[in-house]
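Trainee: I'm new to this one. Can you walk me through it, piece by piece?
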Amino acid sequence: MRKRNILIVLLCCVLLMGGCVKDYDRNDIIQMLKDTYDLKKFTVSREAEKVTGEDGYTDYLWTVRMQDDSGIVFHVLDNHFYSMESLSNRLDSDYDSAVLQYLFQEYDRFRLLSLEDSSDVMLECRLTASFETRKELELLFRELQSFSKFAREKGYRIGINVDLQMESALRNKCEYVLFDGDCFRTYRDGITKEDFAEACKRYLLTCLDYRFEEQLKQFTAKEIEEALQDYPYCIGISRDGTEDGELEFYQDLCGSSHGVSFGTLYEILKREGIEAEGTAWHYSFTGADGSVYEISYDFCDYPFEDDNTVHNGYYYLKDGEQVPMNAYFHNHFRAKILEEMTGLKIKVTRM
């Protein structure tokens, strides 16, 4: 009886493992392309090519050629993967990337955006650029809107992958890339003024978080207030000094999931009447415990490990001694450290 039960369990496992996999043939590929992309004139390879995925499973690659003036060639991958305790598969396509590559070559008015592509089994393409100012971000979106219109006029409705990188002096500190302020999206229904507004808001919130004072001059007080209306990381102070005391929130300051940044702490010190010498980038003050604190975005000891010597990454000075942050790439203070330094009960929380 026990052997029989084991056999039943094994049979169920086999059925479970095989039950989530569908066998696709050439006709399935043709129908998928018609249903998904509404394609009319194309050919699909007679046989699929066997390829080994990064996860070690055998996948099947179909080659598709458009039978029109574009001559676009793309692929459909019968992609096998382990999911929900069983082997599964799905059909993936690099059609959007192939069309984006083709349209990029056809469009002759690019000035700011570049095409970044990579190809292993499947092609991956995206439009990329970097920006430092609000005006540069606006110019990038104008170019994106113009290209998006061009694609629609050519009769293509594709997902346009876009990666716009916000450049700042902190972006590659510690060899750790900060994606704050970046705009990385796939636009499927054109690119609108609302899309620019959303990217601009993300840029603004990043400048607010780190207190990039020059960049903040590009925005009005009203724009800052509107950007913070639904922002989850607000900064408040318990005025009675108790843990459960009612918080008084700053209406134009913000934190992040990591706490209060070096630069924002400088702004809080000024507003709370604690004398600080320097700027939001680099300053010093005498703390509630009588210690002298010196804080700077330049205080970053890296590489993290060199010749068997472990370095701190970001740190601050307390009476001249280096104090490492919780993680080598963090430049934000948690509530406990803020209270030790300032005597204030500062919290980052939802309003």
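Mentor: One definition to start: two strands pair if DSSP finds at least two bridges between them. Keep in mind, too, that this is a predicted model.

Trainee: Okay. How many bridges join β2 and β3?
Mentor: There are 4 bridges between β2 (residues 49-52) and β3 (residues 58-66), and the pairing is antiparallel. Lys50 sits opposite Tyr60 of β3.

Trainee: What about the hairpin of β2 and β3, how many residues lie between the strands?
Mentor: The hairpin has 5 residues between its strands. Gly56 takes a positive phi there, near 90°.

Trainee: Next, the sheet with β6 in it. What is the strand order?
Mentor: The order is β6-β7-β8-β9. The sheet is open, has 4 strands, and its pairing is mixed.

Trainee: Which strands stand at the edges?
Mentor: β6 (114-119) and β9 (183-187) do. Each has a single partner strand, so one side of each is left without a neighbour in the sheet. From one strand to the next, the twist averages 25°.

Trainee: Do β7 and β8 run parallel or antiparallel?
Mentor: Parallel, with 5 bridges joining β7 (residues 123-131) to β8. Ser130 stands opposite Gln165 in β8. Leu127 has Val162 of β8 as its bridge partner.

Trainee: How many residues of β8 are buried?
Mentor: In β8 (residues 160-166), 5 of the 7 residues are buried, so the strand is largely enclosed by the rest of the structure.

Trainee: Now the sheet with β10. How many strands form it?
Mentor: It is an open sheet of 3 strands, in the order β11-β10-β22. The pairing is antiparallel. β11 (247-254) and β22 (346-349) are at the edges with a single partner strand each, so each has one side left without a neighbour in the sheet. The twist averages 35° from one strand to the next.

Trainee: How many bridges join β10 to β11?
Mentor: 4 bridges join β10 (residues 234-238) to β11. Gly236 is the residue opposite Phe249 in β11.

Trainee: Which helix packs on that sheet?
Mentor: Helix α8 (residues 262-271) does, touching β10, β11 and β22. The direction of α8 makes about 125° with that of β11.

Trainee: How many residues of α8 are buried?
Mentor: The count is 8 of 10, and the helix is mostly covered. The buried residues are Phe262, Gly263, Thr264, Leu265, Tyr266, Glu267, Ile268 and Leu269.

Trainee: And what follows α8?
Mentor: Gly273 follows α8, with a positive phi near 75°.

Trainee: Switching to α9. Which residues of α9 are buried?
Mentor: In α9 (residues 335-342), they are Leu338, Met341 and Thr342. Seen down the helix axis, these buried residues fall within an arc of 75°, so they line one face of α9. Gly343 follows α9, and its phi is positive, near 80°.

Trainee: Let's do helix packing. At what angle do the axes of α3 and α4 cross?
Mentor: Roughly 105°. The axes of α3 (residues 95-106) and α4 (residues 134-153) come within 11 Å. Angles of 65 to 115 degrees count as roughly perpendicular, so α3 is roughly perpendicular to α4.

Trainee: Which residues make the contact of α3 with α4?
Mentor: From α3, they are Leu100, Leu103, Phe104 and Glu106. From α4, they are Phe147, Phe150 and Ala151. The contact residues divide into 6 nonpolar, no polar and 1 charged.

Trainee: Is Arg211 buried or exposed?
Mentor: Buried. The relative accessibility of Arg211 is 10%, and the cut-off for buried is under 20%.

Trainee: And Asp319, where is that one?
Mentor: Asp319 is in the loop between β19 (313-318) and β20 (321-324). Asp319 is not a glycine, yet has a positive phi of about 50°. With a relative accessible area of 49%, Asp319 is partly exposed.

How values were computed:
Residues numbered from 1 in each chain as written. Predicted model: local features only at pLDDT ≥ 70, side-chain atom pairs only at ≥ 80, totals over all residues. Heavy atoms only, no water. Axes fitted to C-alpha atoms, helices over the stretch in contact; angles between N-to-C directions. Helix = DSSP H or I, 4+ residues; strand = E, 2+ residues; numbered from the N terminus. Parallel < 35°, antiparallel > 145°, perpendicular 65-115°, else oblique. Contact = heavy atoms within 4.5 Å. Nonpolar A, V, L, I, M, F, W, Y, C, P; charged D, E, K, R; others polar. Buried < 20%, exposed > 50% of the residue type's maximum accessible area, 1.4 Å probe, protein only. Arc of directions from axis to C-beta.
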